[in-house]
Each structure stands twice: as C-alpha cells, then as structure tokens.
Amino acid sequence: DKIVHIPNGVDLTPYNDLAPYDGGKAGKFVVMYVGGFGLDHDVSTIIRAAKILQDEGDMRFEFILVGGGVRKAACEKEASFCKLSNLQFREPVPKASLPHLQCEADIFIAAITDSKSYRFGLNLNKLCSYFASARPVLFSGNPPNDLVADSKGGISVKAEDPKAMVSGLKQLASMTAAERVGMGKLGHSYAQSMLSIDTLGKKMETMLVSAIAEFP
C-alpha cells in the first residue's frame, strides 16, 4: 500500500502532427530497432532472424538498427560475417529526432535477453516511443510483465529465439494494412492512457499530495 509505481513515459506532443501510419507497403516492411546495444539488449537475435529470412530468400523485411553501446561492434561483426544485405546499422540520434526517424518504420522490434536483470519487471524507454509512433511492435523477451501484450499493440515471442522472431514478423506481414494500423492505434492508446507524461505527472502529484496528507 505504500508503493506507487511510476514507469518511464513519453511526451506525445511531438508525435501528434506526423503523417499517420499507412500500415506498410505490400511486400516490403521496414523493421526498426531504436536503442542501446547493451549486455541485456538482445540485438544478436534480431541479426540471426535477419539471417534466417535472407537464407530463405524472404526479402520482404529490411532491418534498420539505430543506436550505440558496448555490444554494437560485436553485432556489426556478426552481421558482416553473415553477409547480410537486408540489414543496416545507423548511429544514435537525438531524442528530439525520434518521432521523424520512426516514421520510416513499418514494424518496431524490441528484444531483451533472458536475464535476471528483468526478473522484477520491464521498463524499456523504447517501448514508450514505439507506442507513440502508432506502429505494431514485435517484442522478444520473458519478463514478468509485458507492455506489448497488455496494450495489444503488437506480438510477443520468447527471448533469444530467432525462429520465433521470424514467425512473429511473418505473422505481422500476413495481416492486412488496416489490421497493422489498428494494432498501432492500440499501442498509441495505451501510451495515452498509461505512459504519457501528462498522465504520469498527475499520478505523481496525487501520490505526493497523499503522502503529505499523512503528516500532521
């Protein structure tokens, strides 16, 4: 009863005036990862999923990985070894540039390792901005909480499983454009109701007023 959880949030204002998501062009999908290349960020599984798709001759998916971190060089080396033509790396961008950058995406992807780091729950900033962009999200991970499942704004698969990730991408690609748009809108609605800075600010204000009221 003494604990109030206020998660990471997002300012939805910069996303309001952007062109609406059209559901993706038939037969070609930009799959975008935006975030860190840290020890618990499972970018390697994304690379291995891209390799499976390339080996199958399924070139519907173009992967764009944006960010930096301690494991980026290793990921670039792995992608180079696999001779991937369906994947590119980009440097990090300022947070203010995220809304326009993310307009390039048809599908967002988030992946974490099956790590004890997440045993008490998941609180990824990237999911907030993904939902704000109103596009479907593919999430790979095994945390005790799952914002993608809760929001119905995408598909969740188990951690560290490239084949499951490929299956999830194919499932999203098999949907109609209208279905993908609807999924993105569900994620955006979740961000509005649960993760917006306005909502979280009011929650914090209520918590502080309540705490102060307990003192004489």
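**View 1. Helices α7 and α8 pack together at an angle of about 25°.** Helix α7 covers residues 177-195 and helix α8 covers residues 197-213, with their axes 6 Å apart. Helices (H or I, at least four residues) and strands (E, at least two) are DSSP runs, numbered from the N terminus. Axes are lines fitted to C-alpha atoms, for helices over the stretch in contact, and angles run from 0 to 180 degrees between N-to-C directions. The two helices are therefore roughly parallel to each other (angles under 35 degrees). From α7, Gln192, Ser193, Met194 and Leu195 make the contact, and from α8, Ile197, Thr199 and Leu200 (contact means heavy atoms within 4.5 Å). These residues divide into four nonpolar, three polar and no charged. Ala, Val, Leu, Ile, Met, Phe, Trp, Tyr, Cys and Pro count as nonpolar, Asp, Glu, Lys and Arg as charged, and the others, Gly among them, as polar. The model is predicted: local features need pLDDT of at least 70, side-chain atom pairs count only at pLDDT 80 or more, and totals for chains, interfaces and linings use all residues. Residues are numbered from 1 along each chain as its sequence is written, and side-chain values use heavy atoms, with hydrogens and water left out.

**View 2. Phe37 and Phe89 form a tilted aromatic pair.** Their ring centres are 6.2 Å apart and their planes 40° apart. Rings of Phe, Tyr and Trp (its six-membered ring) pair if their centres lie within 6.5 Å; planes under 30 degrees apart count as stacked, over 60 as edge-to-face and the rest as tilted. Phe37 lies in the loop between β1 (29-34) and α1 (43-56) and Phe89 in strand β3 (residues 87-90), so the pair ties together parts that are 52 residues apart in sequence. Phe37 is buried at 0% relative accessibility, whereas Phe89 is partly exposed at 23%. Buried means under 20% relative accessible area, exposed over 50%, partly exposed in between (1.4 Å probe, protein chains only). Together with Tyr33, these two residues form one aromatic cluster.

**View 3. Helix α4 (residues 125-132) is largely enclosed by the rest of the structure, because seven of its eight residues are buried.** The buried residues are Lys126, Leu127, Cys128, Ser129, Tyr130, Phe131 and Ala132. They pack against β1, α3 (98-102), β4 (107-111), β5 (137-140), α5 (147-151) and α7. Just after α4, Ala134 takes a positive phi of about 60°.

**View 4. Gly36 is placed in the loop between β1 and α1.** Gly36 touches His41, Val43, Gly68 and Lys126, not counting residues up to four places away in sequence.

Key. Parallel < 35°, antiparallel > 145°, perpendicular 65-115°, else oblique.
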